[in-house]
Amino acid sequence: ARRTQKPVDKFSILSKTINGIVIFLPKGYVNDLGAEGLERTCEEFLSKGMRKVIINFSEIQYINSIGASIFTGIVQKIAEHNGMLCFTNMKKVHNDVFAMLGITRHAKVFKEEKDAVNFLKESD
């Protein structure tokens with residue numbers, strides 16, 4: 001019996017801002033193109049002076065190694081702007097990989113988006 005793989009959704013990013021906090025909701029497959037898109041979008045907000053960033057992982061299906069490595073670049077850029085980065089709704093596998101790569105040392109991980117929003121609101 002052949003296993004049929006579920007097709008992976010193309011990558012897209014929704015972003016919204018609440019109280020000066022920018023929240024990204026990437027969706028689908030985070031490969032090099034997807035992660036670069038996220039990095040570019042992140043840079044746009046940082047250049048506008050927005051320093052509080054939440055990345056919600058709930059709609060991410062898969063992150064490949066290039067996608068994960070670009071996240072280290074995002075972490076560095078946010079640090080250069082003295083920003084704060086939070087990850088929310090991470091699957092265990094993403095959390096494990098990011099911990100192994102040292103990415104989660106530079107970001108706060110929250111179970112839910114609202115928890116990260118509350119944390120960042122209080123961190124003025």
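Select Ile23 in strand 2 (residues 21-30); strands are DSSP runs of E of at least two residues, and helices are runs of H or I of at least four, numbered from the N terminus. The model is predicted, so local features need pLDDT of at least 70 and side-chain atom pairs pLDDT 80 or more, while totals for chains, interfaces and linings use all residues. Residues are numbered from 1 along each chain as its sequence is written, and side-chain values use heavy atoms, without hydrogens and water.

Ile23 is buried, at 1% relative accessible area (buried: under 20%; exposed: over 50%; partly exposed: in between; 1.4 Å probe, protein chains only). Beyond its neighbours within four places in sequence, Ile23 contacts residues including Leu14, Ile54 and Val117 (heavy atoms within 4.5 Å).

Next, select Lys27 and Glu59, which form a salt bridge with closest N and O atoms 3.9 Å apart (a side-chain nitrogen of Lys or Arg within 4 Å of a carboxyl oxygen of Asp or Glu). Lys27 lies in strand 2 and Glu59 in the loop between strand 3 (52-56) and strand 4 (60-63), so the pair ties together parts 32 residues apart in sequence.

Then display helix 1 (residues 32-47) and helix 2 (residues 65-80), whose axes come within 8 Å and cross at roughly 10°. The two helices are therefore roughly parallel (angles under 35 degrees; over 145 is roughly antiparallel, 65 to 115 roughly perpendicular, the rest oblique). Axes are lines fitted to C-alpha atoms, for helices over the stretch in contact, with angles from 0 to 180 degrees between N-to-C directions.

Finally, select Lys77, which forms salt bridges with Glu39 (2.8 Å, N to O) and Glu43 (3.3 Å, N to O). Shared partners join Glu39, Glu43 and Lys77 into one network.
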